[in-house]
Amino acid sequence: MDLPVADPGTERGEGPLIQCPYCDSEAMHKLAQILLPGLAAVCVDDTTGDLFRNPSVVAVDLRKEMVDYITQRSDTFIADALIESEANQDGPEAEMPDDPFEIVSVFMDDFSSTKRNIIGHVSGWLLSDSRDDKIDDFVQEMEMTRFWPLERREAIAEVLLKNVDLKTKFHCPEKYENEERLAEHKLQCSFRPVVCPNDGCRAKVSVRCMKDHDAACFYKVLQCEQGCDKRLLRRDMDRHCVTVCPMRPMKCPFGCDSSFPDRDLEKHCVEFLQAHLVKVLKAIHKKGRSEEELKELALKLEKYDGDGKLAKALDARPLTNVVKDLEAKMKGPVPLEVLE
């Protein structure tokens, strides 16, 4: 098992070194997000079946207990891992966990197990939908009442992240002998937080994560994915492409096999007017006329349509209405030989 080894680095003088305070802000935010459902699970399990207590009654006390417990566990995590490694050195090599979110989740599960009553220890209850629903409901209640605001959870998450991040993937490991050297480092530290430059986004992201954040930021202005001239926020892209984009693909509303951008619908209706007329005439006259008769009637209707209303009809219903109106004006429907 690979264990963290202290880097002796260069000679930095006597006295304690000052740790760079920066860490991965998105990882810290993600870790803060799991604390609330973790607390909700503890409160639900502790009060299930209790007629005199509910989760909100015990939340204050259990929050303090849980924070103290997981913080203490994180403080001793590396030391405990080293001791366990030495105790098992003759056995098969075990891999030290290095995912902070997994590690903190284990801490919370261990704490939760100490607070479960008799019902809470029943495996069927732990896996039930009812338990999950109660946890979700209590999470929503705490969010609505701001019982445990995100900024306070992030302060705790920052401590936890630094304590269990063995491979320093999510926080800066640099230390300096004085504030001046530290200040110089902080100006270029890859973990330093910066505000997202996209208008409307208030996220603070570590410099090293900005590229990934920008690639997913809802407030990033992008060119339409379907190629129209519109520039819009990423969060509005899907709705635009599906509902109003002139380049969104559509099928012919008259049922022919053509597929084209929405903006070309009028052009398509003009180019394929004869084919559309035949389809509409088939529906109007059912089996009363042959294919050739319908094609000839379609040509006559188009010639009789001085206002160009046929070409302006963009789906079957308005085209059907125009055709019936024209036939009525032509004293029809009448036998084809009369129209010649």
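User: Are Phe101 and Phe170 buried or exposed?
Analyst: In this predicted model, Phe101 is buried, and Phe170 is buried as well.

User: How are the rings of Phe101 and Phe170 arranged, and why is the pair given that label?
Analyst: Their centres lie 5.9 Å apart and their planes meet at 70°, so the pair is edge-to-face. An angle over 60 degrees is what that label requires.

User: Where in the chain do these two residues lie?
Analyst: Phe101 belongs to helix α4, while Phe170 is in the loop between α7 (150-164) and β2 (175-176). The pair links distant parts of the chain, 69 residues apart.

User: Which residue lies over the face of Phe101?
Analyst: Lys30 does, at 4.3 Å from the ring centre. Elsewhere, the charged end of Arg63 sits over the ring of Phe147, 4.3 Å from its centre.

User: How many aromatic pairs are there?
Analyst: The count is three. One of them joins Phe77 and Phe107 edge-to-face, with 6.2 Å from centre to centre and 70° between the planes. Phe77 is in helix α3 (residues 77-87) and Phe107 in helix α4 (residues 100-115), so this pair too links distant parts of the chain, 30 residues apart.

User: Why does Phe107 count as buried?
Analyst: Its relative accessible area is 2%, and buried means under 20%. Phe77 is also buried, with a relative accessible area of 10%.

User: Changing topic: how many salt bridges does the whole structure have?
Analyst: A search finds 12. Among them is the one between Glu65 and Lys115, with 2.7 Å from N to O. Glu65 lies in helix α2 (residues 55-75) and Lys115 in helix α4, so the pair ties together parts 50 residues apart in sequence.

User: Which residue forms a salt bridge with Asp110?
Analyst: Arg73 does, and the closest N and O atoms are 3.2 Å apart. This pair links Asp110 in helix α4 to Arg73 in helix α2, 37 residues apart. Both residues count as partly exposed: Asp110 has 29% relative accessibility, and Arg73 has 25%.

User: And what about confidence: what is the average pLDDT?
Analyst: The protein averages 85, and 86% of the residues score at least 70.

User: Where is the pLDDT below 50?
Analyst: Residues 1-13 form one such stretch, with 17 contacts in the model beyond near neighbours in sequence. Residues 333-340 also fall below 50, and this stretch has 14 such contacts.

Terms used. Residues are numbered from 1 along each chain as its sequence is written. This is a predicted model: local features need pLDDT of at least 70, side-chain atom pairs count only at pLDDT 80 or more; totals for chains, interfaces and linings use all residues. Side-chain values use heavy atoms; hydrogens and water are left out. Rings of Phe, Tyr and Trp (its six-membered ring) pair if their centres lie within 6.5 Å; planes under 30 degrees apart count as stacked, over 60 as edge-to-face and the rest as tilted. Helices (H or I, at least four residues) and strands (E, at least two) are DSSP runs, numbered from the N terminus. Buried means under 20% relative accessible area, exposed over 50%, partly exposed in between (1.4 Å probe, protein chains only). A charge sits over a ring if NZ of Lys or CZ of Arg is within 6 Å of the ring centre and within 35 degrees of the ring normal. pLDDT is the predictor's confidence in each residue, from 0 to 100. Contact means heavy atoms within 4.5 Å. A salt bridge is a side-chain nitrogen of Lys or Arg within 4 Å of a carboxyl oxygen of Asp or Glu.
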